[in-house]
Amino acid sequence: MPAPVPFDPQEIVDAKYEERPTREGVTTKRMICAACDIACSVVGEVQKGRVTKIRSSDNPIFKDNICMKGIIAPKGLAHPNRILYPLKRVGERGSGKFEQVTWEEAMGDIGGRLKKIIAEHGPEAWAVSTSQWNTSTDHGLGRRIMNHVGSPNWISGVALCAGNTAAVNRFTYGWFPFGDFSSTNCIVLMGHNPRRHSWTPLYNYIRSAQARGAKLIVMDPRRSSSAERADIWLPLKAGSDAAMMFGWLKVIIDEELYDKEFVANWTIGFEELKERVNEFPLDRVAKLTGCDPEMIAEAARVYATSGPSIIPWTPITDMQRNSTSGIRLQTILRSICGYVDVPGGELLQGFNPDIVNESTIEMHHVLSDEQKMKQLGSKDHPAFTYRGQLAFREPTKRVYGQEYANLVTGCHMATPSETFRAMAGEGEYPVKAFFFLGNNPLMSYANMPLIHKAMMNQDLIVSHEQFMTPSAQLADYILPADSWLERPWLHDMFGWMSTIRFSEKAMDPPGECKSTFEFWKQVAGAMDMPEVVPWETIEDFYDYRVAGTGKSFAELISETEVHFKKPAYKTYEKTGFATPSGKVELKSSLLEELGFDPLPYFREDPPHDKDYPLKMFTGVREDPFFQTGHRHIPEMRARCPEPQIYLNEKTAKAAGVAEGDWVSVENQLGRVKGILAVKDAMPDDLVRVPHGWWKPEMEQGNGSLSGAWDYSDAQLCRDDPDYLDLEQGIPHLKGIPCRVVPFVAQVSAEPAAGAQHMEPAE
Amino acid sequence: MTREQKDIRKKQRSARLQIWMAARSSRNKTFLDRLCRMMITKATSVDPEKDFMRDDFIDNDQGFDPDELDRYQRGEKVIVGQ
């Protein structure tokens, strides 16, 4: 992500500049790394038609934005087990037996079977799971085809990571802001812990901001590395983010530290908010969060008086019982302190007018209202579904020039749990065909036993993948996917920021691997609607998208790697905010219309269960891995050979386990095993369960699913009503009751030679 | 215009200048582009001992040999390290 960096004029005068020398036989390509979802601009070095090295960009605005996962990509993507040809299941579903077929054979059969399912059950019987940034060149084409076919049932991991935040931010001020790290005075991290090898650009921005004097406030139950560097660390209880923010608001409102002029002119609902906030005196907040009231007050004062301050997006608040309220409270803090759309604050960037954006490509207008209302989850948890977001059409058109703004692809989604229930035959109607692209759904959402049942109940499963993941093992067809080394890419910053970036193709895809663009083009053909994806090649498609610049994609990419929109601030003074009232809605008119509390609130934990005395959290990214990926790469596994469960010494002792033991973490839904690592950075009674673990070297097929049944944290992630956010229906992953016990049958697991442990506090 | 408003305007101008320079720096074709790149490079440089982005794994990476990667992909040979 590009962030303009502040500079001192004297430093410019003293500047020296040297180009990196080129090496004989090596050509370079400017690329965007897709080893994770951060999308760092990097350089690929190519020899003999193959990418042999990934290094940091030569462009100083992207300098050093590279991590170990990017560095290792040339080897990781050359792994001998990469899927290079289309595979068709030949045994029972989940038998792990496949045979090679051609793309033509596969697509012919897929098209025929999908049409049959739609004829029998309706178009809504087709669900798709993906994340547009994992698959990169999807660019909304999947949604476009689904909208033409008539299915609203698209789900994604963004339902509990950024996409949902985008949708909920709209309720307050109509867009999803991005913090201006380059000139902010104070950064608040809510459980988030960017590091050198994880969320690398954010780590770079935060450290740079600190180096020039910006303050850092960290809320985190763990003593994370960010907490260690913070000016103020609030070690709150897992899952109590919303309560903490009520405490901040109480201080800010009582002490009149808010921006009175902005509140008076640009918000509605302040008096009602004030009443709600008064329900949270600091002693109550201290009880709910476990933090010292003076520290809470001090942090609130720093946030409100050091500004402009930013609360960058955090995946932590996204995954809680009070997620909607928590996200709304972040938006309210930003707003009443006057930090919205000002330099150093929270920027509402809007679309880049020179590019056809993905929301437009998706063509949501062609899906009928009747089909939109069938979107799974709409009835009970509508916040990010069509039902919850359709009222933004008029205000979005007024402010941003078009009706649909599918920010971070999270604003028109089905609810994952409801979709899996329908797939399992327990929903309001059957879903019988399931496609997933660049996505390992079995392990990426809550309630893995339900997801497994759902997948086993399908008539057609299609996967577009690079490796034989546990989910792919359950598919009817696995179609080989290309990688970011092997095709160009136009990156629109997830529709969140207005900057556009370009990535060059550096090598040919191996075997018969194809891009998501080609996948969807072939699906459109197989569904007898080739006109829906009319472009012959991805380059043609990109030419169409960038035509507003007056240049072709090839011309643009030869000229630059980034296309900026001219920055503008406080644009709301001309257009109002993209909400029904045109103002910042501290009290949300739309949530009220949907039947929910229009003000944020706090649902406390269900009563303590003596059988499960500890609380666990999951979702942390380990440096060598992204989500469920990268475990096939020897260098990455050597750094983290086995899943590690973290406890502190006191809690470990109480559980009767010790450093290095194999332990089980159990709750009402399931259990996983891992090696215990005792960390003094962990608070009492909190368990850290690593996310996304399976072992590609283990047996494939339903019995083991390559270790997913042993290690996958999704088996512990509940989605019963007490553990779901009301408005969104997303699961509470930060404070699930559990217990830790010794694992009885010891597993022979020799750590790989040269294994290194992660830094202690992550 | 209040002092606060003046301050905001100043910051807005500064931000616009930064984006303009970043765009120039990214293009890196003309003399002016290269000057912008040079200035940003200098402005973002950190003393090595204070450089929080330095990392052995990244800084010492030598990449891979293309023939060895070919053999690895064919399953003929395991690459032990970089």
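## Chatting through a two-chain model

Student: Let's start with chain B. What order do its elements run in from the N terminus?
Tutor: This is a predicted model, and in it the elements of chain B run α-α-α-α from the N terminus on. The tally for chain B is four helices and zero strands.

Student: How spread out is chain B against the globule rule?
Tutor: Its radius of gyration is 22 Å, while the globule rule gives 12 Å for 82 residues, so chain B is more spread out than a compact globule. Along its principal axes, the C-alpha trace of chain B spans about 75 × 30 × 20 Å.

Student: And what percentage of chain B is buried?
Tutor: Buried residues account for 20% of the 82 residues in chain B.

Student: Switching to chain A. Which residues touch the most other members of the largest nonpolar core?
Tutor: A:Cys33, A:Phe246, A:Trp248, A:Ile645 and A:Val665 do, out of 251 residues in that core. The largest share of the core, nine residues, comes from helix α10 (residues 241-254) of chain A.

Student: What does A:Val665 contact, skipping its close sequence neighbours?
Tutor: Leaving out anything within four places in sequence, the contacts of A:Val665 include A:Met616, A:Ile645, A:Arg671 and A:Leu716. A:Cys738 and A:Val740 are also among them.

Student: Now strand β16 of chain A: mostly covered or mostly open?
Tutor: Mostly covered: six of the six residues in β16 (residues 460-465) are buried. A:Leu460, A:Val462 and A:His464 point one way, A:Ile461, A:Ser463 and A:Glu465 point the other way, and all are buried.

Student: Which strands does β16 of chain A bridge to?
Tutor: Five bridges join β16(A) to strand β15 (residues 433-437), and the two run parallel. There, A:Ala433 has A:Leu460 as its bridge partner. Four bridges join β16(A) to strand β17 (residues 477-480), also parallel, with A:His464 partnered by A:Leu479.

Student: What about the open sheet of three strands: parallel or antiparallel?
Tutor: Antiparallel, in the order β18-β19-β20 of chain A. β18 (489-491) and β20 (562-563) are the edge strands, each pairing on one side only. Strand β19 (residues 500-503) and β20(A) pair over two bridges, and one bridge pair is A:Arg501 with A:Val562.

Student: Last one, A:Ile633. Where is that residue?
Tutor: A:Ile633 lies in the loop between β22 (614-617) and α29 (634-639) of chain A.

Student: Which residues does A:Ile633 contact away from its own stretch of sequence?
Tutor: Setting aside neighbours within four places, A:Ile633 is in contact with A:Ile72, A:Lys75 and A:Gly76. A:Leu614, 19 residues from A:Ile633 in sequence, is 33 Å away in space, C-alpha to C-alpha.

Conventions: Residues numbered from 1 in each chain as written. Chains lettered and ligands numbered in written order. Predicted model: local features only at pLDDT ≥ 70, side-chain atom pairs only at ≥ 80, totals over all residues. Core = buried A, V, L, I, M, F, W, Y, C linked by C-beta atoms within 7 Å. Buried ≥ 20, exposed ≤ 12 C-beta atoms within 10 Å, placed from the backbone. Contact = placed C-beta atoms within 7 Å. Pairing = 2+ DSSP bridges. Rg over C-alpha atoms; globule rule 2.2 N^0.38 Å.
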